Structure formats: structure tokens, C-alpha cells
Amino acid sequence: MLKPLMNFSGGLAAALLVTAAHAVALKQEDISVAEVLRDRALESSDAYSHVESLTVEVGPRRAGTKGDERAVAWAQQKMKDLGFDRVYTEQIDVKRWARGHAHAEVTAPFPQPLVVTSLGYGASTPEGGLTAEIVEFADVDALLKAPARKVKGKIAFINKRMERARTGEGYGPAAAGRSKGMRAAAEKGAAALLLRSVGTDSDRFAHTGMMSVDGVENPVPALALSAPDANLLEAMLKRGKPVQVKLNVHNEALADGPSFNVIGEVVGREKPEEVVIIGAHLDSWDEGTGALDDGAGVAVVMETARLIAELPQRPRRTLRVVLFGAEEIGLVGAKQYVEAHANDLEKIVMVSESDFGAGKIWRFDTRIPESKFAIADQMMQLLAPLGIKRGDNKASGGPDGSVFVAQGVPAMTLHQDGTDYFDYHHTPNDTLDKVDPENLKQNVAAWVVMSFLATEMEGDFGRVSTEH
């Protein structure tokens with residue numbers, strides 16, 4: 001049973017005054033304030049209203065599009081409305097691309113349509129389309145090892161199934177085909193690439209996503225295929241007859257353009273130059289409305305900061321919310337942020353990102369020196385009643401956070417249950433109805449504990465090993 005909510009004007013204010021008078025790392029007074037914040041999040045978190053606002057008022061927001069522009073404006077105004085002390089943007093440079101149409105059909109031996117979508121920054125077919133025989137590969141490694149004569153002039157079909165897991169650990173092996181498949185197909189003279197969607201669903205939706213396109217001299221059309229349609233091709237091939245597929249695809253490469261990281265701060269009262277970064281990514285793919293990826297994360301970190309900003313006094317050090325731009329096309333916003341702030345990384349006490357949907361948090365990982373484990377253990381006092389267990393000390397900090405970790409910045413990760421996350425990931429089905437408001441409250445409760453205590457602790461975590 002969680003402790004009843006304290007009144008901000010009463011017990012919490014008194015606890016804060018005691019904390020200020022005795023500034024020792026995670027004293028009981030710090031923990032008491034965090035406990036109040038946690039319980040307040042469980043009772044009155046507005047995170048769901050934030051993601052509802054983002055998906056309804058902005059919707060899809062692929063980097064470099066008009067939707068992205070609207071999202072940047074939305075985020076700035078929302079942060080101001082929520083009481084952040086400082087709100088600003090930092091421009092990043094992004095490659096731009098326009099999705100057109102993508103059609104596919106089996107023409108022989110059993111004619112019927114297929115459900116596909118272009119992978120990000122994919123090329124077009126010649127005018128009128130192309131028709132070729134498909135050749136199947138179990139995974140991208142099999143394609144990489146295949147002789148060019150087996151692939152030349154054909155449509156390479158990577159038929160790698162993604163394994164469902166709470167941790168999402170099946171994503172990497174399957175996503176390798178999306179990342180490297182088109183490059184391998186093009187280098188071997190293939191006419192095109194078909195990829196079993198990187199997902200765990202059996203719905204007739206195709207999952208889009210980014211692939212490696214830089215430096216590919218002759219890119220070929222690359223399409224994700226819905227899981228049922230991948231099963232269909234698999235079954236056709238088992239009948240021992242050549243399978244021909246017609247593709248008709250049109251996309252357009254555009255000139256590079258701007259996007260932005262949107263940044264909001266609750267400025268520290270004693271050590272404003274020291275920073276705890278909590279982040280999410282603002283961009284999304286264009287097929288759905290980006291509710292799970294990453295509207296939920298945006299809502300969680302913004303709401304976390306709102307609760308801390310409503311305290312009677314500011315936290316000891318600055319809490320900085322960074323909504324990274326262009327994550328989906330290669331962590332662009334995070335990479336450019338780290339490059340631009342290379343001289344200030346030592347001032348970042350900890351980084352963490354929410355970017356795994358809207359499931360309940362079940363595990364807490366760190367990447368801090370062993371000498372600081374006691375701080376994590378104290379955080380766990382308040383996380384455990386939320387159904388969260390202690391994990392390991394190999395936290396990545398999230399996709400964008402990993403760019404900071406590579407530079408030695410300490411990190412923490414609050415793992416969400418991703419059992420069904422990849423049913424919806426990068427599909428038209430990534431919509432608001434997949435977000436459970438109660439799960440978001442539990443997320444915010446955990447984030448506000450971790451974030452507040454990181455801003456209040458005396459001392460810091462130093463630097464961590466960049467080896468994985």
C-alpha cells in the first residue's frame with residue numbers, strides 16, 4: 001500500500017526545508033519528498049492528456065515535414081504552459097524525404113495483392129514498376145553471404161521473424177535486415193528488396209523504419225511486407241514454383257532541411273550548472289500518429305518535470321527535458337546535441353530516455369560507479385511498491401541516451417513492458433487507443449522518483465566506462 005498523498009502546502013514544504021538545511025545525498029527527507037511526488041503522480045498525472053494533445057493536434061511528425069514543424073511549436077507552448085523556467089530550441093540538420101505510393105502484387109504463379117510500405121528514404125521503381133522473381137533468405141546474413149549471381153535481377157526477400165519478448169530483445173536481430181538489407185541487395189545487383197516486417201503482430205499492416213542509405217551508389221526499392229503476406233510468399237515458395245512479384249513505388253528525395261531539439265528546464269536552486277537530462281524523441285514515423293513511439297515518452301518526461309516544477313522550491317540542480325529531433329532516422333538530434341555540447345558533458349549528472357511505448361515499468365537499470373550503488377538502492381525503496389525490480393548496471397539510457405553514455409555520461413533506464421510494443425511499432429496502428437492512462441501514471445510515478453532524487457542528491461556519479 002502506498003503512502004497517502006501529502007499536501008504540498010503542508011508536510012511537503014516542511015520536508016523540503018529540512019532537506020535544504022541538511023544537504024546530504026539521499027537523506028530520508030529527500031526520500032520523503034520523492035514519495036509524495038510518486039503518490040501525487042499516481043493520483044493526478046496528466047500524462048495521458050499530453051499524449052492525447054500531441055496525437056490529435058499534431059499527429060504524424062516525421063523529421064523535416066510540416067508535421068515536425070507543428071510538433072516543435074506544440075512542444076514549446078506545452079512546456080511554457082506547464083511552468084518550465086526556460087524553454088528553447090536548438091536547430092539540427094536532417095535529410096528529408098517524401099513518401100509516395102507503394103504497391104505490390106504476386107503476378108505468378110498465384111496472382112494476388114500484397115500489403116507493403118516503403119522503408120524510410122527508399123527509392124522508386126522505374127516508371128510503370130518492375131516485375132521480377134523473388135529469392136528468399138532466412139536473414140540478412142544469408143543475403144550477405146549469397147553469391148551475386150543468385151540475387152542479380154531478382155527481388156531479395158528477407159524472411160526473418162522477430163521473436164516476442166518483454167524486453168524487446170528480438171528487435172535487434174530482426175532490424176538488422178531493415179538496416180543492412182537494401183545495401184546488400186543493391187551491391188549484389190538485386191532489382192529490389194522485400195523484408196518481412198520487423199514486428200511481432202499477425203495483422204495485415206507493414207512496419208516502416210529507417211535503413212542504411214548513405215553511400216549506396218545505386219539504391220533499389222525497399223519495402224516492408226506485412227507478416228501475413230510474408231507467410232503467403234513463404235507458402236507459395238514451398239510449392240516449388242518460381243514466384244514473381246510486381247512492384248510499383250514512388251518516393252522522392254528532398255533537399256536537406258532543419259528540424260529542432262526542443263528543450264525545457266526547471267532551473268536548479270543551488271547548482272543550476274549541473275544537469276539531469278530526461279528525454280524522449282519528438283519525431284515519429286508518418287504511418288500512424290506516433291502515440292506509442294514516442295508520444296507516450298514525451299508525455300511522461302514532460303509530466304515528470306511539471307510535478308517537480310510545482311514543488312514549493314526548485315530542485316538542487318537543473319532538470320532538463322530534451323525532446324530530441326530526428327531520432328527515427330538515426331539519432332540525429334542526440335548526436336548533434338552531444339557534438340554541440342561536447343565541452344559541457346561533464347556537467348551532466350545523469351541521462352535517461354523514455355522511448356519504449358506506454359507499458360508498465362518493471363525494471364530499473366543503472367550505469368553508475370559501484371561506489372554509488374547505495375543511491376540506486378535508496379531509489380528502489382520507492383520504486384519497488386510500483387512493481388519494479390532492480391536490474392543490472394548496464395543501462396543504455398535509451399536510444400538517444402546511448403549517445404551520451406558513449407561519452408561517459410552516467411545513465412539510468414526504467415524498462416517498460418514491451419511484450420506487445422512491436423505489434424504496433426512503425427505501423428498505421430500506432431494510435432492513441434493503444435495507450436493506457438493508468439500505465440502512464442505508473443510511468444510518471446517511477447520517473448519522478450528517479451528524476452527528483454537525481455537532482456537533489458549531494459555529489460554526483462562522476463563518469464562511467466564507455467565499454468559495453
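Residues are numbered from 1 along each chain as its sequence is written, and side-chain values use heavy atoms, with hydrogens and water left out. Because the model is predicted, local features need pLDDT of at least 70 and side-chain atom pairs count only at pLDDT 80 or more, whereas totals for chains, interfaces and linings use all residues.

The structure contains 27 salt bridges, a salt bridge being a side-chain nitrogen of Lys or Arg within 4 Å of a carboxyl oxygen of Asp or Glu. Several of the residues involved belong to a network of salt bridges that links Arg-269, Glu-270, Lys-271, Arg-316, Glu-456 and Glu-458. Within this group, Arg-316 is paired with Glu-270, and their closest N and O atoms are 3.2 Å apart. The pair links distant parts of the chain, 46 residues apart: Arg-316 lies in the loop between helix 9 (291-309) and strand 10 (317-324), and Glu-270 in the loop between strand 8 (244-266) and strand 9 (271-281). Helices (H or I, at least four residues) and strands (E, at least two) are DSSP runs, numbered from the N terminus. Arg-316 is buried, at 0% relative accessibility, while Glu-270 is partly exposed, at 40%. These classes follow relative accessible area, with buried under 20%, exposed over 50% and partly exposed in between (1.4 Å probe, protein chains only).

A second salt bridge joins Lys-271 to Glu-458, with 3.9 Å between the closest N and O atoms. Lys-271 lies in strand 9 and Glu-458 in the segment after helix 14 (437-456), so this pair ties together parts 187 residues apart in sequence. Lys-271 counts as buried at 18% relative accessibility, and Glu-458 is partly exposed with a relative accessible area of 32%.

Lys-441 is buried, at 18% relative accessibility, whereas Glu-438 is partly exposed, with a relative accessible area of 47%.

Helix 14 also packs against helix 3 (residues 47-57), at an angle of about 115° and with the axes 8 Å apart. Axes are lines fitted to C-alpha atoms, for helices over the stretch in contact, and angles run from 0 to 180 degrees between N-to-C directions. Ala-47, Tyr-48 and Val-51 of helix 3 meet Pro-437, Leu-440 and Val-444 of helix 14, contact meaning heavy atoms within 4.5 Å.
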